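I opened this entry to keep track of what I looked up, item by item. The sequence and the model come before my notes.

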Amino acid sequence: MMNIRKGYRPDMSLLSTPPLMKDERLQLEFERNGFVKFRFLEPNQLEELKQLYESTKSEHEVIADEKKFHATSQTDNTELVIAVDKKVREVMKEQIEKHFVNYQILTANFIVKQCGPASELKAHQDWTMVDESRFFTFNIWVALQATNRLNGGLRFLKGGHKIIPTLRISPYTPSVFSGVTDIIEDNLVDVFTEPGECVLLNHGSIHASYPNLLPEPRVAVVLGISHHDAELYHYYLPPGQSTDKIEKYLMTARAIMELKSDQRPQLGKFLGYVSHDYQKVHREEFIKWLNDFRKGELTG
Ligand SMILES: O=C(O)CCC(=O)C(=O)O
């Protein structure tokens, strides 16, 4: 069983990564919890994004039967992916400049939760895209409507991005948390939003979302961000290949945008093979970690 590493104990100090947010209080909360919510878009900006989604809805919905939770990138429609990325950047530019420094934008997507129980997203982490001993990546997540328990609101395990160093790879990451999924489920906290609010979501955070049980699809915009000095990577493991032969690619934002579902990156530069230890997290250690994190929250 994997030991939760010392460097990942749930201390309340800042990470050693350079801050990206202008507001220190929000930065601190984001670093502690792996997520933070705040008011982000003006009503007219939100309206522009709604119109953009409406005008591209039929192109997004080509995969709606197959996937009850889907992103623009999963349509594999390069023209759509590029058009959405460009327009979302334009609409969000002013607010991004207002809140962040020293950033680079990765890509922007709509993510759509169709109606029904199959749209639930179980606790997971997003791909590793940078050297996470030095940098981090995150999504600015903005829903086009208010979110709640009935229409696919977000849920987080506080501090989950700090538990152990993980390497999240495509198309499938062996889960180190499979022995503790019940504990994670019991400890998720709800993070619901009003129109115009955003949630910053560290790609290493352990997060989930409720199924959308209302009659209308729940639509959100996500825009990925990292520090401007961070090199971008993509990790790919062909099905059946051993985890000591994970392919590592150097990427650009454009190469990320042009990733096709479950395939090797077409525009990435192959850097070589890396290995990662995917031993399972031990239940007792995980519970201790959660308790220590809570104590840290109480003592500040
Ligand atoms: O939109 C959702 O329901 C989940 C979002 C998510 O998992 C992500 O942005 O990584």
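I count two strands as paired if DSSP finds at least two bridges between them. Helices (H or I, at least four residues) and strands (E, at least two) are DSSP runs, numbered from the N terminus.

I note that this is a predicted model, where local features need pLDDT of at least 70, side-chain atom pairs count only at pLDDT 80 or more, and totals for chains, interfaces and linings use all residues. Residues are numbered from 1 along each chain as its sequence is written.

**Entry: the three-stranded sheet**

I looked up the pairing of strand S12 (residues 246-251) with S13 and found it antiparallel, over five bridges. Tyr-249 stands opposite Phe-270 in S13. I then traced the whole open sheet, which has three strands in the order S11-S12-S13 with antiparallel pairing. Strand S11 (232-236) and S13 are the edge strands, each pairing on one side only. From one strand to the next the twist averages 30°; for this, axes are lines fitted to C-alpha atoms, for helices over the stretch in contact, and angles run from 0 to 180 degrees between N-to-C directions.

**Entry: the whole protein**

I listed six helices and 13 strands in the protein. Along its principal axes the C-alpha trace spans about 50 × 45 × 40 Å.

I call a residue buried if 20 or more other C-beta atoms lie within 10 Å of its own, exposed if 12 or fewer, and partly exposed in between, with C-beta atoms placed from the backbone. Buried residues make up 41% of the 300 residues. Two residues are in contact if their C-beta atoms, placed from the backbone, lie within 7 Å. Among contacts with a separation of 6 or more, 81% are between residues 24 or more positions apart.

**Entry: helix H1**

In helix H1 (residues 24-33) I found Phe-30, Glu-31, Arg-32 and Asn-33 buried. Their cover includes strand S1 (35-39), S6 and strand S8 (197-202). Gly-34 follows H1 and has a positive phi, near 90°.

**Entry: Val-88**

I placed Val-88 in helix H3. Is Val-88 buried or exposed? Val-88 counts as buried because it has 25 C-beta neighbours inside 10 Å. Leaving aside neighbours within four places in sequence, Val-88 is in contact with Leu-49, Ala-108, Val-221 and Leu-223.

I followed up Ile-111, which is found in strand S3. Ile-111 is buried, with 22 other C-beta atoms within 10 Å. Not counting residues up to four places away in sequence, Ile-111 touches Ala-71, Ala-220 and Val-222. Ile-111 and Phe-69 are 42 residues apart in sequence and 7.2 Å apart in space, C-alpha to C-alpha.

**Entry: backbone details**

I found a cis peptide bond between Ser-170 and Pro-171, with omega about -5°. Pro-171 lies in the loop between strand S6 (154-157) and helix H4 (181-187).

Asn-102 is not a glycine, yet has a positive phi of about 50°. I located Asn-102 in the loop between helix H3 (78-99) and strand S3 (103-113). Asn-102 is exposed, with 12 other C-beta atoms within 10 Å.

Asp-262, also not a glycine, has a positive phi of about 60°. Asp-262 is found in the loop between helix H5 (253-257) and strand S13 (269-274). Asp-262 counts as exposed because it has 12 C-beta neighbours inside 10 Å.
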